[in-house]
Amino acid sequence: QVQLVESGGGLVQAGGSLRLSCVASGSGFSINVMGWYRQAPGKQRELVAGITSGGTTNYAYSVKGRFTISRDNAKKRVNLQMNSLKPEDTAVYYCNAVVTRDYSDNQYNYWGQGTQVTVSS
(Lines give C-alpha, C1' and ligand atoms only; values in the text may rest on other atoms or scores of the structure.)
Protein backbone atom coordinates (compact mmCIF):
# COMPACT_ATOMS: atom_id res chain seq x y z
CA GLN A 1 0.00 0.00 0.00
CA VAL A 2 1.22 3.46 -0.91
CA GLN A 3 0.48 6.44 1.30
CA LEU A 4 1.07 10.04 0.34
CA VAL A 5 1.38 12.65 3.07
CA GLU A 6 1.31 16.33 2.16
CA SER A 7 2.47 19.35 4.11
CA GLY A 8 2.99 23.05 3.62
CA GLY A 9 -0.39 24.53 2.84
CA GLY A 10 -1.71 27.64 4.53
CA LEU A 11 -2.83 31.22 4.16
CA VAL A 12 -0.73 33.76 2.31
CA GLN A 13 -1.24 37.19 0.82
CA ALA A 14 -1.24 37.72 -2.91
CA GLY A 15 2.31 37.91 -4.21
CA GLY A 16 3.59 35.64 -1.48
CA SER A 17 5.08 32.17 -1.61
CA LEU A 18 4.36 28.73 -0.23
CA ARG A 19 6.12 25.41 -0.55
CA LEU A 20 4.21 22.15 -0.60
CA SER A 21 5.84 18.80 0.08
CA CYS A 22 4.60 15.27 -0.32
CA VAL A 23 6.28 12.08 0.83
CA ALA A 24 5.34 8.60 -0.28
CA SER A 25 5.61 5.71 2.15
CA GLY A 26 5.38 2.00 1.66
CA SER A 27 7.45 -0.58 -0.13
CA GLY A 28 7.39 -2.83 -3.11
CA PHE A 29 6.78 -0.21 -5.74
CA SER A 30 8.49 2.33 -7.94
CA ILE A 31 7.08 5.76 -8.62
CA ASN A 32 6.76 6.76 -12.24
CA VAL A 33 5.17 10.17 -12.08
CA MET A 34 4.54 12.47 -9.14
CA GLY A 35 2.46 15.57 -9.37
CA TRP A 36 0.20 18.11 -7.84
CA TYR A 37 -3.44 18.72 -8.66
CA ARG A 38 -5.80 21.28 -7.21
CA GLN A 39 -9.52 21.67 -6.80
CA ALA A 40 -11.23 24.95 -6.11
CA PRO A 41 -14.81 25.09 -4.81
CA GLY A 42 -17.27 24.32 -7.58
CA LYS A 43 -14.54 23.40 -10.03
CA GLN A 44 -13.05 20.18 -11.31
CA ARG A 45 -9.72 18.91 -10.11
CA GLU A 46 -6.97 20.07 -12.43
CA LEU A 47 -3.33 19.25 -12.96
CA VAL A 48 -0.95 21.89 -11.63
CA ALA A 49 2.41 20.27 -12.30
CA GLY A 50 3.92 16.86 -12.82
CA ILE A 51 7.39 15.35 -12.88
CA THR A 52 8.64 12.00 -14.10
CA SER A 53 11.28 9.86 -12.42
CA GLY A 54 13.71 11.17 -15.03
CA GLY A 55 12.97 14.78 -14.15
CA THR A 56 10.78 15.80 -17.06
CA THR A 57 8.25 18.37 -15.91
CA ASN A 58 5.01 19.79 -17.17
CA TYR A 59 2.93 22.65 -15.85
CA ALA A 60 -0.51 24.08 -16.22
CA TYR A 61 -0.37 27.22 -18.32
CA SER A 62 -1.75 29.27 -15.45
CA VAL A 63 1.22 28.50 -13.18
CA LYS A 64 4.12 28.47 -15.64
CA GLY A 65 6.88 30.77 -14.52
CA ARG A 66 5.49 30.99 -10.98
CA PHE A 67 5.49 27.39 -9.72
CA THR A 68 8.38 24.94 -9.72
CA ILE A 69 8.04 21.22 -9.14
CA SER A 70 10.99 19.15 -7.95
CA ARG A 71 11.53 15.60 -6.85
CA ASP A 72 13.87 13.54 -4.71
CA ASN A 73 13.56 9.97 -5.94
CA ALA A 74 15.59 8.47 -3.10
CA LYS A 75 13.34 10.09 -0.50
CA LYS A 76 10.15 9.53 -2.53
CA ARG A 77 9.41 13.20 -2.11
CA VAL A 78 7.94 15.79 -4.43
CA ASN A 79 7.89 19.51 -3.75
CA LEU A 80 5.97 22.38 -5.26
CA GLN A 81 7.44 25.84 -4.83
CA MET A 82 4.72 28.40 -5.43
CA ASN A 83 5.75 32.01 -5.96
CA SER A 84 3.80 35.12 -6.92
CA LEU A 85 0.64 33.54 -5.65
CA LYS A 86 -2.70 34.89 -6.80
CA PRO A 87 -6.16 34.64 -5.24
CA GLU A 88 -7.16 32.34 -8.09
CA ASP A 89 -4.57 29.84 -6.86
CA THR A 90 -6.78 29.23 -3.83
CA ALA A 91 -7.73 25.56 -3.75
CA VAL A 92 -7.15 22.24 -2.06
CA TYR A 93 -3.91 20.85 -3.45
CA TYR A 94 -3.54 17.10 -3.83
CA CYS A 95 -0.38 15.10 -4.25
CA ASN A 96 -0.57 12.34 -6.84
CA ALA A 97 1.67 9.40 -7.61
CA VAL A 98 1.51 6.91 -10.44
CA VAL A 99 3.32 3.79 -9.33
CA THR A 100 4.27 0.40 -10.66
CA ARG A 101 4.31 -2.41 -8.15
CA ASP A 102 7.26 -4.78 -8.12
CA TYR A 103 6.85 -7.79 -10.40
CA SER A 104 3.96 -6.13 -12.20
CA ASP A 105 3.49 -4.02 -15.30
CA ASN A 106 0.30 -2.45 -14.01
CA GLN A 107 0.25 1.17 -12.95
CA TYR A 108 -1.74 2.44 -9.99
CA ASN A 109 -2.85 5.92 -9.08
CA TYR A 110 -2.62 7.22 -5.50
CA TRP A 111 -3.72 10.46 -3.89
CA GLY A 112 -2.85 12.38 -0.78
CA GLN A 113 -5.47 13.74 1.56
CA GLY A 114 -5.14 17.29 0.28
CA THR A 115 -3.83 20.50 1.77
CA GLN A 116 -5.59 23.86 1.69
CA VAL A 117 -3.91 26.82 0.04
CA THR A 118 -5.63 30.16 0.50
CA VAL A 119 -4.36 33.33 -1.15
CA SER A 120 -5.89 36.56 0.09
CA SER A 121 -6.12 39.66 -2.06
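Q: Contact means heavy atoms within 4.5 Å. With that in mind, which residues does Q13 touch, not counting residues up to four places away in sequence?
A: In this predicted model, Q13 touches V119 and S120 once those sequence neighbours are set aside.

Q: Where does Q13 sit?
A: Q13 is in strand β2. At 60% relative accessibility, Q13 counts as exposed.

Q: And how far is the C-alpha atom of Q13 from that of S121?
A: The two C-alpha atoms are separated by 6.2 Å, although Q13 and S121 are 108 residues apart along the chain.

Q: Staying around there, what about G15: buried or exposed?
A: G15 is exposed, with a relative accessible area of 55%. You'll find G15 in the loop between β2 (10–13) and β3.

Q: Which residues does G15 touch, leaving out those up to four places away in sequence?
A: G15 touches S84 and L85. The C-alpha atom of G15 is also 6.4 Å from that of K86, a residue 71 places away along the chain.

Q: S84, then. What is its phi?
A: Phi of S84 is near 50°, which is positive for a residue other than glycine. Most residues other than glycine have a negative phi. S84 lies in the loop between β8 and β9 and is partly exposed, with a relative accessible area of 40%.

Q: Let's go inside. Which residues touch the most other members of the largest nonpolar core?
A: Those are W36, L80, M82 and Y93, in a core of 31 residues.

Q: Which elements give two or more residues to this core?
A: They are β3 (18–25), β4 (29–39), β5 (46–52), β7 (67–72), β8 (77–82), β9 (91–101) and β11 (115–120).

Q: Nice. Which of them gives the largest share?
A: That's β9, with five residues.

Q: And what does β9 pair with over five bridges?
A: The partner is β10, and the two strands run in the antiparallel sense. Within that pairing, N96 has W111 of β10 as its bridge partner. The hairpin of β9 and β10 has five residues between the strands, and Y103 takes a positive phi there, near 65°.

Q: Changing topic to aromatics: how many aromatic pairs does the structure hold?
A: The structure holds one. The rings are those of Y37 and W111, with their centres 4.9 Å apart.

Q: Why is the pair of Y37 and W111 edge-to-face?
A: The planes are at 70°, so the pair of Y37 and W111 is edge-to-face. The cut-off behind that is an angle over 60 degrees.

Q: What does the pair tie together?
A: Y37 is in strand β4 and W111 is in strand β10 (residues 107–111), so the pair links parts that are 74 residues apart in sequence. Y37 is partly exposed at 24% relative accessibility, and W111 is partly exposed at 34%.

Q: Which ring does the charged end of K76 sit over?
A: The ring of F29, at 4.6 Å from its centre. K76 itself is in the loop between β7 and β8 and has a positive phi near 55°. With a relative accessible area of 25%, K76 is partly exposed.

Q: And which face does R101 lie over?
A: R101 lies over the face of Y108, 3.9 Å from the ring centre.

Q: Back to polar residues. What joins the side chains of S21 and N79?
A: A polar contact of 2.7 Å. S21 is found in strand β3 and is buried, with a relative accessible area of 10%.

Q: What else does S21 touch?
A: Leaving out residues up to four places away in sequence, S21 touches several residues, including V5, E6, S7 and W36.

Q: Which residues is T115 in contact with, leaving aside neighbours within four places in sequence?
A: E6, G9, L20, A91, V92 and Y93. Y93 is also among the core residues that touch the most other members.

Note on methods: Residues are numbered from 1 along each chain as its sequence is written. This is a predicted model: local features need pLDDT of at least 70, side-chain atom pairs count only at pLDDT 80 or more; totals for chains, interfaces and linings use all residues. Side-chain values use heavy atoms; hydrogens and water are left out. A nonpolar core is a set of buried Ala, Val, Leu, Ile, Met, Phe, Trp, Tyr and Cys residues joined through side-chain atoms within 4.5 Å. Buried means under 20% relative accessible area, exposed over 50%, partly exposed in between (1.4 Å probe, protein chains only). Helices (H or I, at least four residues) and strands (E, at least two) are DSSP runs, numbered from the N terminus. Rings of Phe, Tyr and Trp (its six-membered ring) pair if their centres lie within 6.5 Å; planes under 30 degrees apart count as stacked, over 60 as edge-to-face and the rest as tilted. A charge sits over a ring if NZ of Lys or CZ of Arg is within 6 Å of the ring centre and within 35 degrees of the ring normal. Two strands pair if DSSP finds at least two bridges between them. A polar contact is a pair of N or O atoms within 3.5 Å; within protein, one must be able to donate a hydrogen and the other to accept it, and residues adjacent in sequence count only if both atoms are side-chain atoms.
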